[in-house]
Amino acid sequence: MKTRIRILPFALLIISLLLTATVQRGNAVPTESARSSTTPSSQYDDPYVDFRNARYSNAGLLNEREEIKLGVQLHREVTKKYNLTDAGLARVERLGQRCARAGLRSNLSYKFHVIQSREINGFSLPGGQIYITTALLNMANDDELGGVLCHEVGHVVARHSLKTLKKSREYDDIANSLGELTGVAGSIARDLGVALGKMGGALMLTVHTREEEREADFLGVRSMPGASMDPQGMITMFQKLLKIEERDSDLLGSLFSDHPDAQERIENTRYEIARMRRR
Ligand SMILES: [Zn+2]
């Protein structure tokens, strides 16, 4: 179907990226001293131990101004591929802005969008552009939708797409064009479009590693109480997705179908909710 977010054509590219990703990643991994400061038992059980002491910034990546410009360019690409709709947008905007304000990057101005599609999916792009499909909206209550939105905000907080971009061969071309870019049209915008096309475009930046998904779950569930949402919503969302996966996995978008271990995500989220309640 036309609006389907397809990742197969990018599979080879992604595999090579993942291989380099595991070698190069290190920003979120705490130092030995930070690790040893946790108690032995929590260190052993804690699925999120690598993220507890992480600090997030654009250092070593595109700066924030360029990140926002890139997000605007990529959003144009998304609008050409998908049908955006106002249906449910007010609800997404209301919940999404609560996640944004409760997250670790509340200074950024986030933009929420709804895509008309029967596929259950959500994704984010640099600069705080966040997308949810109508199919996802229709199956989720506010806490469940909030769980997905706070998870997507988590990807933006941790700059996952920017880290993926940094590893692409077209990074220098893209960074140079963004530095010179002043509008959305003209020859520089065209050069940028060519470089982004070579890289695989917006979709390339929406594919994340398992570690990144875990980190976004962590950041998302942690921000839910501050967004006046019940973090339990993230768990019931995963449970609904598991049921749909058993019935008709074609309905699940890349956001969920890449991650067969929904059961593990449920257990990890449960762990974090119990931990938040203890404090
Ligand atoms: Zn994700």
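**Notes on the zinc site and the disulfide**

1. The protein chain has 15 helices and four strands (DSSP runs numbered from the N terminus: helices are H or I with at least four residues, strands E with at least two). This is a predicted model, where local features need pLDDT of at least 70, side-chain atom pairs count only at pLDDT 80 or more, and totals for chains, interfaces and linings use all residues. Residues are numbered from 1 along each chain as its sequence is written, and side-chain values use heavy atoms, leaving out hydrogens and water.

2. On the fold as a whole, 54% of the 279 residues of the protein chain count as buried (under 20% relative accessible area, with a 1.4 Å probe and protein chains only).

3. Now to the metal. His 151 (NE2), His 155 (NE2) and Glu 213 (OE) coordinate the zinc ion at 2.0 to 2.1 Å; donors are N, O and S atoms within 2.8 Å of the metal (3.2 Å for Na, K and Ca), and sites may look incomplete because water is not among the atoms. His 151 sits in helix α7 (residues 142-157) and Glu 213 in helix α12 (residues 210-223), so this pair ties together parts 62 residues apart in sequence. Both His 151 and Glu 213 are buried. Along the chain, the donor spacing reads H-x3-H-x57-E.

4. The structure holds one disulfide (a pair of cysteine sulfur atoms within 2.5 Å). Cys 99 and Cys 150 form it, with their sulfur atoms 2.1 Å apart. This pair links distant parts of the chain, with Cys 99 in helix α5 (residues 89-102) and Cys 150 in helix α7, 51 residues apart. The S-S torsion of Cys 99 and Cys 150 is about -85°, so the disulfide is left-handed. Cys 99 and Cys 150 are both buried.

Terms used: Buried < 20%, exposed > 50% of the residue type's maximum accessible area, 1.4 Å probe, protein only.
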